[in-house]
Amino acid sequence: MSDMLKVENLVSGYEKVMILHGVNIDMKEGEIISVIGRNGVGKSTLMKTLIGLVKASDGTIAYEGEDVTKRKAYERAWRGLGYVPQGHMVFPRLTVEENLMMGENINKIKGKKPDYDLIYEYFPRLKERRTQMAGTMSGGEQAMLSIGRVLTGNLKVMLLDEPSEGVQPNIVEQIGDIILRINKDLGISVLLVEQHIGLIQQVSQRCYAMDKGMVQTALTREELLNYDEIKKYLSV
Amino acid sequence: MFGDIFAYIYQFIDSFAFLVLAALGMAIIYGMMGITNMAQGELIMIGAYVTDIMVCNLGMPLIIGIIIGTVFTGFVGLLMDRLIIKRLYDRPLDSVVATWGLSIALAQLIYIIFGPSMTGVSIPLGSFKVAGRSYSYYRLLLVAIAIVLILITFLVFKYTKFGLHSRATMQNREIANSLGVNANKMNAGTFMLGSALAGLCGGLYLPTMSLTPSYGESFLVQSFVTVLVGGADPLLGTVLAGGGLGIVQSILNMKFNTFYGKIGILLMAILFIRILPNGFSGYFNGVRLKMKLKKEKNRGDK
């Protein structure tokens, strides 16, 4: 299996304040990996740097063997990186369907039509609410829409930033099921940032624990299933 | 009595059309890019000069002149964007100063090249009489054009890919970017479109005003206030603000004179900054969202 994503000594942050101090991550094709850690350790900054919304000031990001560190966010999307931001960030005054259409530019393949039926099969709620303004939906529905939005493109890697935020517990489990299906059916690799232990354990094949802007430990599936072990990295 | 009512209505739709045509381009640029283009008046002036040269010097029909003026101004806008505005995308306040400076330079440049005044174009289509007062058909045509333009803009924003991407960019630039929308290209396209609309406005009003290097100034204040009162949603904002300000302006114009009409518009601007800082459209969208959320909640409770 080839390297899908290889991050080496990544340093980034805002203005003069650096948040990441040399992050190393690598992901093989078809993996689901979690990045865990307490609030403020730099998980979301990592995701933003990977998609290109925050500039890397040092280190490299290689995607499918190509160095994309200097590429703009939209160019990374064209290559197949799909970013599902923290807080869902749906476009509030676009309808559900229009929100989904926004993802079509991700790794656009000429002549290939986006498969809306599949997305509506994953998330039947979105079909019911097709013509509704996205800003009027519940947290869970917005989380689904935010994931569905990148699926209209032909993404290869999904950067999933805290999909459980503001979502009811039973919906979190549904979202976990969908992540597993997306990975299995479509072969999409997933890099998941999470604090919700249930979701982390449900989907992750392995996991990186972050602290102080660096990856401190890499955990195997067996280790992350151990509640006490994983709790160390998450609790305050 | 009927004559008076007709005169009011005529004044109102005339003001409305003027405000909409003058402000639409500026509103689209402001809504999309967050840039207040103080040179919008000079873009209007460029549209008028090109139209005037086509009609008076080259003998073309007015409508062809207006089309050439519109396209030419669009490309001037594109050039402005690539050379200057591009560097100011994330600096809204600096962009005000830069475009203001540009507006002065452009007006002076036109003065140096063409001198203080140009041969005018006479107003086409003639006039008609209602209750003893005479009115111009051309001004009614301008009203129709303003309405058609609003409809076209609505359709473009609602049903084209460019429209979808611009609405998304307006709501969340970063996320639109992360989904593969090339922000630079969108910005350039938007600035070009806004400039072309300015050129169109300049050409359309050419027969009704004398053409001097300060032609643009007569539009800037009104379009600026319309955008300010309208808020960030270019279409809804411009229509609501054009309507609201049109009423104020036309009543003051009729009761007193156009000087008071202008004062009235500036007072409205001050009132709006104080009471509804997000403009008409910000207020409206807020109310709309609240109502929808309430409806959703009621449905959920059942």
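Because the model is predicted, local features need a pLDDT of at least 70, side-chain atom pairs count only at pLDDT 80 or more, and totals for chains, interfaces and linings use all residues. Residues are numbered from 1 along each chain as its sequence is written, while chains are lettered from A and ligands numbered from 1 in the order in which they are written.

Strands pair through backbone hydrogen bonds, in either the parallel or the antiparallel sense. Here, helices (H or I, at least four residues) and strands (E, at least two) are DSSP runs numbered from the N terminus, and two strands pair if DSSP finds at least two bridges between them. An open sheet of six strands in chain A has the order β6-β7-β8-β3-β9-β10, with mixed pairing. At its edges stand β6 and β10 (214–220) of chain A, each pairing on one side only. On average, neighbouring strands of this sheet are turned by 20° against each other, direction ignored; axes are lines fitted to C-alpha atoms, for helices over the stretch in contact, and angles run from 0 to 180 degrees between N-to-C directions.

Now look at strand β3 (residues 32–36) of chain A. Five of its five residues are buried, so β3(A) is largely enclosed by the rest of the structure. A residue is buried if 20 or more other C-beta atoms lie within 10 Å of its own, exposed if 12 or fewer, and partly exposed in between, with C-beta atoms placed from the backbone. In a regular strand, side chains alternate between the two faces of the sheet. In β3(A), I32(A), S34(A) and I36(A) lie on one side and I33(A) and V35(A) on the other, and all are buried.

What are the neighbours of β3(A)? Strand β8 (residues 189–194) of chain A pairs with β3(A) in the parallel sense over five bridges, and strand β9 (residues 206–211) of chain A does so, also parallel, over four. You can follow I33(A) both ways: its bridge partner in β8(A) is L191(A), and in β9(A) it is R206(A).

Further along the sheet comes strand β7 (residues 157–161) of chain A, which is mostly covered, with five of its five residues buried. V157(A), L159(A) and D161(A) point one way from β7(A), while M158(A) and L160(A) point the other way. Four bridges join β7(A) to strand β6 (residues 81–84) of chain A, and these two run parallel; V84(A) has L160(A) as its bridge partner in β7(A). Five bridges join β7(A) to β8(A), again parallel, with V157(A) opposite S189(A) in β8(A). Together β7(A), helix α7 (residues 169–186) of chain A and β8(A) make a right-handed β-α-β unit. Right-handed means that, with the strands pointing away from the viewer, the path from the first strand over the helix to the second runs clockwise.

Chain A also has an open sheet of four strands, in the order β2-β1-β4-β5, with antiparallel pairing. Its edges are β2 (17–28) and β5 (66–67) of chain A, each with a single partner strand, so one side of each is left without a neighbour in the sheet. Strand β4 (residues 56–63) of chain A and β5(A) pair over two bridges, and A62(A) has D67(A) as its bridge partner in β5(A). Helix α1 (residues 43–51) of chain A lies across β1 (3–14), β2 and β4 of chain A, at about 70° to β2(A).

Finally, turn to chain B. How many helices and strands does chain B have? There are twelve helices and two strands. Its radius of gyration (over C-alpha atoms) is 20 Å, close to the 19 Å that the globule rule gives for 302 residues, so chain B is as compact as a globular protein of that length; the rule is 2.2 Å times the number of residues to the power 0.38. Buried residues make up 47% of the 302 residues in chain B.

Where the chains meet, 20 residues of chain B are in contact with 22 residues of chain A, contact meaning that C-beta atoms, placed from the backbone, lie within 7 Å. Helices α6 (161–171), α7 (173–178) and α12 (279–301) of chain B each supply at least two residues of the side that touches chain A.

Definitions and conventions
Contact = placed C-beta atoms within 7 Å.
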